[in-house]
Amino acid sequence: MAAAAAVGDVARYWLAEHPAIVGFRWSPSGGLWFSTWAFLLGFLAAYIPLCLCIDALLAAFRRKRPLPLGPLPPAHALLMAAVSAAIFTGTLLSAVAEIRDTRWSWRGRSRTTPLRWLLCFPPGTRSSGRVFFWSYAYYLSRYLHALRGLLAVLQRRRGAAARVCAHAAAVAMAFLWLEFSQSFQVLAILASTLAHAVAFGFRFWVGAGLPAARAARGAPVALACQLGLLGCNLACHAGFVWMHFGGAVAGGCSGIGAWGFNTLLNAALLWVFLHCYGKRGVCDDDGGATAAQIKKAL
């Protein structure tokens, strides 16, 4: 018990109480990597055309079989699973610490509660402190995640072009969360990183051929994670709309402009999801989610 408590204290310090985390501040002029509009737009202007051009060239040469990538896909899956698990843990511990440290402000005349804070940042909230440090880490991880779009093109996955656009939009969305202090991003990051940790961990397990991987290959793990993530996003959007437009929170919520883009993005992701699973049969590389399985799940 003492050893477990000591490990927990060390984890809380390095993931939620370290001075670099507590004192974090999002600022394009602060020397943070990839924090300017110029870099974001430059990346999007290069990433989308590059992936689509490679896809068009492979199609022109009638290349239907995937290119041999060796251990790169499972290695990328393992890295994404580890990064997602770290961000999930850090975000969870930081959110708990923020709720603990600001509990005094939720008493008396204030009607704010932890749940309302998670769904609706007060107007004027700045992108600084623990949860925004992990939001920045999540933003950086979107660039690593975007490599999945290129891998989908090289592996000749169905719907690869749609996935490339979805990955690009996810990078832009994470940037806007920081730039405009988007509300409910804490819950969105927790749901997203948990789903990615499970899905990418399973992809590594199958891709690396670990014991019992063949028997588990047909399990629709990515399908279940995507369904759960879409459901969580829908619930967060509904809570945000009720609080901002329903008058549940005086003055509304922070990041209403970014919320509009986030809504469009989620609609696009839903289209990609239905396009892949509903009509294309096999959408993802977890080894077995088919159109028949999604109809059965729904």
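Guide: Let us begin with a definition: a disulfide is a pair of cysteine sulfur atoms within 2.5 Å. Please keep in mind that this is a predicted model.

Visitor: How many disulfides does a search of the whole structure find?

Guide: The search finds 1 disulfide. It is formed by C120 and C253, whose sulfur atoms lie 1.9 Å apart.

Visitor: Which parts does this pair tie together?

Guide: C120 lies in the loop between α5 and α6, and C253 in the loop between α10 and α11, so the pair joins parts that are 133 residues apart in sequence.

Visitor: Is the disulfide of C120 and C253 left-handed or right-handed, and why?

Guide: The torsion about the S-S bond is about -110°, and the disulfide is therefore left-handed.

Visitor: Are C120 and C253 buried or exposed?

Guide: Both C120 and C253 are buried.

Visitor: What of C165 and its nearest cysteine sulfur?

Guide: C165 is in no disulfide, since the nearest cysteine sulfur, that of C51, is 9.2 Å away and the cut-off is 2.5 Å. C165 is partly exposed, with a relative accessible area of 39%.

Visitor: How many residues of α7 are buried?

Guide: Of its 20 residues, 17 are buried, and α7 is thus mostly covered. After α7 comes S181, whose phi is positive, near 50°.

How values were computed
Residues numbered from 1 in each chain as written. Predicted model: local features only at pLDDT ≥ 70, side-chain atom pairs only at ≥ 80, totals over all residues. Heavy atoms only, no water. Buried < 20%, exposed > 50% of the residue type's maximum accessible area, 1.4 Å probe, protein only. Helix = DSSP H or I, 4+ residues; strand = E, 2+ residues; numbered from the N terminus.
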